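Please examine the structure shown below, with attention to how its chains meet.

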Amino acid sequence: MSPHATTTEAVAPALEVRGVSKFFPGVQALRNVDFTLRAGEVHALVGENGAGKSTFIKILPGALPKDAGIMRVFGQAYEPRSPWDALRAGISAIYQEFNLVPYLTVAENLFLGREPRRAGGLVDWRRLNAMARDVLMRLGMPLNPRAYVANLSVAGQQMVEIARALSVGARILLMDEPSAALTEHDLERLFEQVRRLRSQGVSVIYISHRLAEIFTIADRATVLRDGEVVGTRDVAGLQEMDLVRMMVGRQVETGSLAGGAPGQEPLLQVEGVSSGGMVHDCTFEVRAGEIAGIGGLVGSGRTELARAIFGAAPRTGRVVVAGKVLPPGSPRAAIRAGLGLLPEDRKLQGLLLRMLVRENITLANVGAVACYGFISARRERAAARPLIADLDIRPPETDRAVMYLSGGNQQKVVLARWLFTRSQVLILDEPTRGIDVGAKAEVHMLMRRLTDQGAALLVISSELPELLKVSDRILVMREGSIVGVLAREEATEEKVMALATGAVLP
Amino acid sequence: MQRSPKRLLTLMYSRDQSTSRTAAWLYALPNFFFRYGIVAGFVLLCLYFGTFTEEHRFVTRDNFINVANQIAINMILASGMTFVIIAAGIDLSVGAVLALCGVVGSMAMVELGRTGLSGELTAALGMAAGIGLGAVCGLFSGSLVAVPRLPAFIATLGMMMMARGLAFVVCGGRPVSPLPQAFTAIGQSPHRLVPIPVYIMTAVVFLAHLVLRHHTFGRYVYAVGGNEEAARLSGLPVRRIVISVYALSGALSGLGGMILASKLGSADPKSGLMYELDAIAAVVLGGTSLMGGRGTVLGTLIGALIIGVLNNGLSLMKVDQYWQYVLKGLVIIGAVLLDRLKRE
């Protein structure tokens with residue numbers, strides 16, 4: 001230990017991160033991040049989508065290598081090469097997706113791979129269950145060691161994860177959105193659990209989008225923005241709006257893509273739509289010539305709303321497109337009525353990667369280039385060419401497999417499909433995710449051009465600047481409901497974030 | 001005249017003339033496979049049998065026609081199987097459905113023959129019954145795959161057992177005969193140069209290729225097999241497409257069953273054992289991915305030809321029947337292994 005260390009700082013912090021950076025092709029995900037986790041504190045990590053939280057919490061337990069910087073755990077240099085190194089250093093991460101084996105019992109999951117053995121290598125079941133009972137008792141968890149994990153509630157499974165982390169000797173716990181799937185009641189129990197851990201000297205990094213939680217449970221909060229640490233504050237005495245301002249903080253992009261006045265005729269009417277517990281009673285309309293944006297945090301039900309409207313997910317409530325009522329559960333009927341969906345994950349949900357550009361463009365309307373069902377490759381090429389030129393798809397070839405195109409160009413191919421189908425109403429779910437800046441601007445221009453020609457667009461985006469730039473109106477969602485509507489003139493990043501996180505506006 | 005395939009290969013394919021002959025051969029063989037894939041394998045196989053069969057009996061007109069006749073039924077089943085596998089499914093029931101349809105179609109002919117109907121009409125109605133029943137079997141298993149989303153493996157395994165059982169039940173376990181002469185003439189045509197089953201196979205392959213590569217239905221089959229979610233979100237009638245491919249496979253099994261009955265002059269509930277595996281082998285040898293979304297009927301044709309040529313050539317060389325199985329297994333594994341290496 002350093003001889004200069006004095007009094008209160010004599011105890012080394014649980015975790016010290018200095019100058020950590022991480023590059024991905026085209027993005028700097030983390031830039032020179034400094035972060036200190038004191039022993040026995042609950043430290044919240046907050047930031048917008050894409051601020052670098054996910055990258056950070058993958059680097060800590062060694063799931064991702066860092067490019068620069070140093071880390072120390074209780075004063076010892078810490079260079080994790082694998083999650084195994086992290087475990088040995090006492091760091092354990094609990095992600096939103098649990099790593100449990102559903103058809104094994106709680107006890108088996110707790111001691112998976114390190115079961116107590118009897119002579120001959122057989123598992124000593126009695127000792128296994130006794131050990132599990134001990135661990136659960138010490139943590140105050142009311143779980144039966146013999147219960148199957150598959151039969152536990154989400155909260156119960158989370159407890160098993162926590163118990164396992166601690167039983168392997170974790171002293172630093174990373175919790176990624178632990179509250180995301182919990183009910184109000186379970187949330188209280190989670191808080192109790194976290195407080196109990198803190199009192200036992202465990203340090204917790206707590207990630208959540210919900211600001212209210214942070215004020216309930218955290219001692220300090222660190223805000224990340226665009227891969228950099230904006231600052232660390234004591235939670236006591238802090239206002240919610242201070243945090244929101246730190247999260248958003250950047251200069252607002254001046255560019256705005258206002259269109260002409262939208263028409264009066266509503267092209268898309270959504271009335272009381274609910275879907276699978278993720279979307280509750282959403283009502284709004286989008287008029288011809290209008291771009292309506294949907295803002296909200298990841299998991300707020302935006303994608304689920306889009307899929308419910310399109311018929312890709314079950315729904316209750318009414319959807320009317322250009323005067324036609326859509327039956328639920330039928331994308332086919334939705335497309336016939338003039339609706340198109342650019343899905344969130346273009347590779348998994350949008351494209352036939354092995355098939356050609358022209359085949360992907362005509363997919364939703366092959367009949368237009370076929371005669372008695374026989375497709376004319378010549379007519380198909382002729383149909384694809386103007387769209388490829390118009391959207392500037394590169395390379396401008398009709399007969400290239402889509403898998404060889406860049407992300408931006410792939411996205412344009414999906415757009416071209418709906419242009420070819422002449423859809424009047426388009427739902428674009430994260431239309432510019434993962435595509436470069438130039439292509440992004442092109443997609444934005446294209447969206448405006450479509451509305452100028454009388455289309456109606458519903459755009460989901462996690463990027464606030466994009467949302468503010470393209471939308472004539474922003475619907476903000478939180479926990480499955482539309483909690484606010486902001487017109488272009490009044491919308492600011494702060495207002496959208498406040499609505500999305502449930503912060504109280506001063 | 002030197003006919004050693006080693007020599008042929010070194011002359012044709014070695015890039016580096018300075019290497020020793022053996023080394024060049026070792027180098028050329030996998031390289032050749034890599035570049036030309038399964039077609040190359042087929043050509044090599046024919047060269048081998050052409051060279052080493054007694055009096056080069058393999059390379060005679062009659063033997064080629066014989067091979068074509070022998071693969072006809074497998075190729076007809078494999079055409080349907082190609083559709084199913086491209087749609088990311090599998091159909092284990094084709095052999096049993098073939099037996100059931102052969103038996104039922106033949107029984108229909110026996111019954112109709114008693115009413116004094118003309119032989120041609122009886123044959124036509126009986127064949128229609130067999131093919132129709134096959135389509136119904138396919139509709140059934142296809143519906144189970146499409147609607148309650150049973151795994152294709154399970155749905156068609158169940159169909160296989162039911163069809164096999166029913167084949168025995170309907171005829172009481174005894175072969176069905178006699179069949180009208182107008183019907184048996186299809187499979188038994190001693191004074192024809194090319195037997196009718198070969199023409200039927202050719203027509204099936206042609207139509208299957210046409211539909212798969214040039215018709216909207218074929219396009220949809222690739223789309224559903226390649227990315228079902230994208231197909232659904234593009235408004236394709238995914239369920240209808242899935243059911244249709246199984247119905248098609250079933251109908252072609254029915255056709256195969258009728259051809260087999262016609263060839264043998266009677267319908268046997270024990271027929272068609274393991275035919276599904278030959279059909280799947282042909283499809284896989286032809287480069288169709290079991291993951292779906294990729295493959296061609298012409299590839300399957302090459303696959304069926306390889307299996308046919310292996311059966312024929314090894315028999316001509318008097319290789320023991322049991323060893324033939326071992327060799328066929330090795331060829332299938334080797335071919336798909338090479339195909340995978342080539343892709344990586």
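Chain A and chain B bury about 2000 Å² between them, 58% of it on carbon and sulfur atoms; buried area is the accessible area (1.4 Å probe) that two parts lose on being put together, summed over both. This is a predicted model, in which local features need pLDDT of at least 70 and side-chain atom pairs count only at pLDDT 80 or more, while totals for chains, interfaces and linings use all residues. Residues are numbered from 1 along each chain as its sequence is written, chains are lettered from A and ligands numbered from 1 in the order in which they are written, and side-chain values use heavy atoms, with hydrogens and water left out.

To the contact (heavy atoms within 4.5 Å), chain A gives 31 residues and chain B gives 20 residues. Three salt bridges are found across the interface of chain A and chain B, each a side-chain nitrogen of Lys or Arg within 4 Å of a carboxyl oxygen of Asp or Glu. A:Arg307 is joined in a salt bridge to B:Glu229, with 3.1 Å between the closest N and O atoms.

On the side of chain A that touches chain B, the elements giving two or more residues include α9 (302-310), α11 (346-350) and α14 (407-420) of chain A; helices (H or I, at least four residues) are DSSP runs, numbered from the N terminus. The largest share of that side, four residues, belongs to α11(A).

Chain A as a whole is divided into domain 1 (11-90 + 189-250), domain 2 (98-170), domain 3 (253-258 + 265-338 + 424-501) and domain 4 (349-422), with bounds from an automatic or database domain assignment. The centres of domain 2 and domain 4 of chain A, taken over C-alpha atoms, are separated by 52 Å.
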